[in-house]
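Here are my notes on the model you sent over.

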Amino acid sequence: MTNSALIDLRSDTVTKPCGDMLKAMAAADVGDDVFSEDPTVALLEETLAERSGQESGLFFPSGTQSNLVALLTHCQRGDEYIVGQNAHTYKYEGGGAAVLGSIQPQPIEHDGDGTMPIEKIKAVIKPDDFHFARTKLLALENTIGGKIIPQSYISDTRKLASQNKLVFHLDGARVFNAMVAQGVELDQITRQFDSVSICLSKGLGAPVGSVLVSSKDVIDQARRWRKMVGGGMRQAGILAAAGLFAIDNNVNGLEQDHLHAQRFAESMVDVPGIEVVGDSAHTNMVFLKTAPEHSASFLTACSAEGVLFTGGAQMRLVFHKDVSLEMTSNASTIVQSVAERLKLG
């Protein structure tokens with residue numbers, strides 16, 4: 001199987017810059033960003049801050065570092081942040097807040113729609129007592145597992161955070177997917193948060209980068225933390241140009257990714273031995289389940305046929321700009337064929 005024939009659905013992080021994006025990167029006007037002299041970085045930060053309804057922005061190499069710096073900026077040693085059990089900031093970022101910031105996570109199980117029950121959040125907010133960590137921050141993720149966090153829930157948790165004097169942070173790694181799926185402007189989702197990490201290297205197709213947006217004061221503090229954790233870059237406008245190209249040209253394409261995911265999910269509904277988790281696609285993601293004894297062989301067989309996705313208790317297939325309608329159809333045919341050959345049903 002040649003690489004050109006592969007249908008890579010492992011993640012929307014596997015996207016590659018198109019020719020026009022590469023041209024924009026090559027033509028970028030650059031300077032030393034640690035000295036705040038890179039005009040392209042500044043333009044990207046200003047653009048995303050304005051679109052998200054925030055005052056200021058700061059460019060980072062990765063979403064993991066952007067989230068980490070947000071937590072380091074908002075919280076002190078011995079503080080605690082409330083977060084979902086499956087949220088990226090808790091489960092998939094190496095425990096950075098605890099290891100590097102001495103910030104204690106308080107994870108909560110999610111409901112089926114990806115939200116954390118309000119009553120469970122209330123129950124874990126600690127009283128002001130020296131026996132306990134200080135509850136300082138509430139973090140959401142949107143989308144999470146491809147699921148859109150409802151606008152009404154964001155408003156309810158914003159109110160809860162304000163009542164309890166908690167900082168309200170959003171891991172918005174796929175916030176543009178949530179925006180497009182709901183047909184709203186970016187700031188309708190992001191303006192209720194005290195800080196938001198916005199990733200450019202997933203469905204938007206940039207090779208690198210996230211931007212943390214917040215108040216000017218928070219971003220000024222975050223700049224110091226970014227330097228401390230090694231995120232200060234020099235002629236980073238080459239990378240920022242890719243981000244600008246992405247938000248100007250690739251946002252609308254997310255709708256096609258969602259449609260491709262939905263089309264694939266629909267094709268799996270009646271395949272014996274395969275369960276579409278949740279009965280549908282969630283934005284650009286489809287989750288499949290087989291009997292546990294078949295999952296490893298199923299994943300391996302699909303990979304051998306050129307369809308790559310991640311596995312475990314359930315399998316995740318992520319559709320992105322580098323997966324066409326024809327590739328979606330081919331992936332469906334291959335997965336169905338493998339399921340039939342392995343007699344999963």
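1. The second largest cavity is lined by Ala173, Arg174, Val175, Phe176, Asn177, Cys199, Lys202, Gly203, Leu204 and Leu254. By cavity I mean a set of points on a 1 Å grid over the protein atoms alone where a 1.4 Å probe fits but cannot get out, with lining residues having an atom within 4 Å of a point. The volume here is about 50 Å³, taken as the space filled by probe spheres set on the points, which are joined across faces, edges and corners. Its lining has six nonpolar, two polar and two charged residues; Asp, Glu, Lys and Arg count as charged, Ala, Val, Leu, Ile, Met, Phe, Trp, Tyr, Cys and Pro as nonpolar, and the others, Gly among them, as polar.

2. A word on the source: this is a predicted model, with local features needing pLDDT of at least 70 and side-chain atom pairs pLDDT 80 or more, while totals for chains, interfaces and linings use all residues. Residues are numbered from 1 along each chain as its sequence is written, and side-chain values use heavy atoms, leaving out hydrogens and water.

3. (Helices are DSSP runs of H or I, at least four residues, and strands runs of E, at least two, numbered from the N terminus.) In α8 (residues 175-182), Val175, Phe176, Asn177, Ala178 and Met179 are buried, meaning under 20% relative accessible area with a 1.4 Å probe, protein chains only. Their cover includes α2, β6, α9, β7, α11 and α12, where contact means heavy atoms within 4.5 Å. After α8 comes glycine 183, with a positive phi near 70 degrees.

4. Now the largest cavity, at about 80 Å³. Of its 13 lining residues, His110, Gly114, Met116, Leu140 and Glu141 lie nearest the centre. β5 gives the most to this lining, with three residues. By class, the lining has eight nonpolar, four polar and one charged residues.

5. And the sheet: seven strands form an open, mixed sheet in the order β2-β8-β7-β6-β5-β3-β4, two strands pairing if DSSP finds at least two bridges between them. β7 (residues 195-199) and β8 (residues 210-214) run antiparallel, joined by five bridges, and serine 197 stands opposite leucine 212 in β8.

Methods
Buried means under 20% relative accessible area, exposed over 50%, partly exposed in between (1.4 Å probe, protein chains only). On a 1 Å grid over the protein atoms alone, a cavity is a set of points where a 1.4 Å probe fits but cannot get out, and a pocket is an open set with protein on both sides within 12 Å along at least five of seven lines; lining residues have an atom within 4 Å of a point.
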